[in-house]
Amino acid sequence: MYKWFLAFRYLYTKLIALFGVASVMLCVAMVLVVLSVMGGFLDTVRARSKGLHSEIVLEGGTLQGFPYYEEFGEYLEGQLPGTVELTTPVIYSYGIFRVPATTWTKAARILGIRLDGYVAVNDFENGLHYERYYPGTTRLGLQSMPVAGIGESNVLQLPPDLEAANDKWRRQETDPEAIASFDQSPFQHAPYPYVTPAILGERVYAADLGPPRYEGPEHYGVIVGCDLLNERREDGNFNRYLARGAEVALMAGPLSRIGTTRGEPPILVPLRYVDDSRTGIFEIDSFCVYADFDMLQHKLAMDPQPLVDGGFTKARANQLLIGLKEGVDLNTSRDRIRGAWLTFCASLLPEVSDVDARAISLAEVYTWEDLQRPFIAAVEKEKVLVTFLFTLISMVAIVLVGCIFYMIVEKKTRDIGILKSIGASGRGVAGLFIIYAGAVGLVGSILGTILGSMVVWNINDIQDLLASLNPQLRVWSPDVYSFDMIPNVVKQVDAIWVASVAVLSSMIGSLIPARIASRVWPVGALRYE
Amino acid sequence: MLRARGLHKSYIMGRAPLRVLRGTSLQAARGEFVVVTGASGSGKSTLLHLLGALDIPDRGTVEFNGRNLFDLGDHARRLYRNRDVGFIFQFYHLLPECTVLENVLMPRLVTHSFWAWRRIRRNARRDAEELLERVGLTERAKHRPSELSGGERQRVAIARALVNRPKLLLADEPTGNLDEEVGEDILRLLTELNEAGQTIVMITHDAKVASHAHRYVRLSEGVIREASSPGGRPIPAGLATREVIP
């Protein structure tokens, strides 16, 4: 009992122990911050990577794509009805995104999607800006530009379908702050599709004093990555300079079935900017645009093309996204779908051309984790490495605790002699100092966990504060780290793990001084004052 | 009760061994108050440490109730120090972080586990408070040693030595650090304890202290020079005074 009693008595009566507590606290806070930020980074990468694709992807592996995607989708839904929920094809290509109003251009990855199917297999819909406030109005089909004007109630209004959609959002929205925030945002009435930087807001529509209407020729819609088109503000929102429905254009080069350019000039497709998409991954949001699948397939000559013998080639896609039923195992499903793909391909072989046979042989079935593995694995390794390095640095705490306890043992030699003279064993005395170190570690860990948690929870505010003092101190750039915000969640399991290791490390740090204490010769310790 | 025979003890001082005890023997009967006197460096403290099993002799034995302490294992010797012997030191040796009451309780705390302590703590506390009352420090129970005078500290040390009701009290110059008046108080307290049946072996360089003892021996250069001299108090009837074996 004396070990516990004296250990905790020394804890709050010996000033020197506070240095041990402080060192453990700082180390725990440091490791917890690193672990939480890196762990949050990894979790965000995983969560967002998952949301980018469907659970399973049949990836063509080439830019020219692979045929029979539609047939395989139907085959799959028939063969594995308990596994597959739905399938949707995707085309991807590369080209130039252009805003005619400003002649501004930028390289872009162009994705052809069927919006209804695409949002059903991943989280894409959650990142659409206008779709949130005007549900059901983001479409990729042919459309004109909505122009706000003076309505019947003599106020600036959008065309009735957009106003109705906005009313629907207001009725559905459960967060009154979100509605208030939206209402506070100025309603743009820019006479031109391109809004000057002086007029900033969330609701950017072209407007004039006429009635609300749709205006201009019909073009297919395009959803643009939020960082590609807009300017990110410090608060994480965006300045939108282009009115919704403004005309933009895409330039791209069609590829033949064997990947040649077919000798044709690049296509130039006029489109209407209908929404912007925010996946939270900078590389995607600054590079991707999303257009209608069928339109893009046709423009890129991936739809059935006439053959010299009178027939037609099969339509091609680059990916087939496969959504799974609720609760099915990801890897098991991948293996089943992979098997189904091989069976399906074997059934095609007698009739398929050599070119198509090569294309389907290159297609492979992946889970979303397989596709993102290089990225996720890199972040995982980064997390392990950084945590290891900081843990290594934190080992200084062990040495520090060892030094502090050596000093304490030196100062407490007489107390050790007293305890031995009244029957305490060497092992008991060693135990006293190990418990003492454990108590120092425990208090340091608790304080460190509190400090570390507070830093992590407020890490974005801390960065903003530092950046307001000196912009050079903004260390988390979304350009570098993909995400807008520094991850700020502390996992309980991480906190418990770090605190436990810190307590154990403190006890390890005290082992040598404890051993010295256990060997104190009581006669020598008691002889003098 | 206590019989030390032919104790030899030397220490290495620099390169040469320093022979402190050279065949010292001493006996103490139950209820006896024996004083060991001698000049500084004569080996008094070393003898007391050997009697209390705080140290191990080069040669010789210390028998307590017929058992040689140095034939016992480490655990048994620790129990001997905890239960059979109470130490009183010249410099009190109280734990500065603990209160008076906690210092007195410390020998009980040492031998009880966390759970065992929960069972006995009320009794232990009552015993400690009784002892503090006996040494006149009830009001000082919650004070720290640094808040006490030298005499009060020594009284706390005496209470601590008695908390496990030891059969033998070993006192190492208990008045050596006190002025004459306070020292006399402490000696009176020890005499009272002895009169109540407590066996005491006390070492001192002050020959006058012998007036409180039943007998005293004088140690010089590690050997008993003057053995079994009668002290200032008459030996009570029935108490067998033993000869010190030179």
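This is a predicted model: local features need pLDDT of at least 70, side-chain atom pairs count only at pLDDT 80 or more; totals for chains, interfaces and linings use all residues.
Me: Why is the pairing of Glu102(B) and Arg9(A) called a salt bridge?

Reply: Set the value against the cut-off. The closest N and O atoms of Glu102(B) and Arg9(A) are 2.6 Å apart. A salt bridge needs a side-chain nitrogen of Lys or Arg within 4 Å of a carboxyl oxygen of Asp or Glu, so Glu102(B) and Arg9(A) qualify. Between chain A and chain B the count is three salt bridges.

Me: How do you know how much chain A and chain B touch, and what is the area buried between them?

Reply: Count residues with heavy atoms within 4.5 Å of the other chain: 27 residues of chain A are in contact with 29 residues of chain B. The area buried between the two chains is about 2,600 Å², and carbon and sulfur atoms give 65% of that. Met1(A), Ile422(A) and Arg527(A) supply 24% of the area that chain A buries against chain B, more than any other three residues.

Me: Which polar links and which helices turn up there?

Reply: Nine residue pairs are in polar contact between chain A and chain B, both residues being at pLDDT 80 or more. On the side of chain A that touches chain B, helix 1, helix 14 and helix 20 each give two or more residues. Helix 1 of chain A has the largest share, seven residues. By class, that side has 15 nonpolar, four polar and eight charged residues.

Me: Why is the crossing of helix 6 and helix 7 of chain A given a hand, and which one is it?

Reply: The hand tells you which way the near helix is turned from the far one. Anticlockwise by less than a right angle is called left-handed, and the crossing of helix 6 and helix 7 of chain A is left-handed. Their axes come within 9 Å and cross at roughly 145 degrees.

Me: What meets what at that crossing?

Reply: Asn166(A), Trp169(A) and Arg170(A) in helix 6 meet Ala178(A), Ile179(A), Phe182(A) and Asp183(A) in helix 7. Those residues divide into four nonpolar, one polar and two charged.

Methods: Residues are numbered from 1 along each chain as its sequence is written. Chains are lettered from A and ligands numbered from 1 in the order in which they are written. Side-chain values use heavy atoms; hydrogens and water are left out. Buried area is the accessible area (1.4 Å probe) that two parts lose on being put together, summed over both. A polar contact is a pair of N or O atoms within 3.5 Å; within protein, one must be able to donate a hydrogen and the other to accept it, and residues adjacent in sequence count only if both atoms are side-chain atoms. Helices (H or I, at least four residues) and strands (E, at least two) are DSSP runs, numbered from the N terminus. Ala, Val, Leu, Ile, Met, Phe, Trp, Tyr, Cys and Pro count as nonpolar, Asp, Glu, Lys and Arg as charged, and the others, Gly among them, as polar. Axes are lines fitted to C-alpha atoms, for helices over the stretch in contact, and angles run from 0 to 180 degrees between N-to-C directions.
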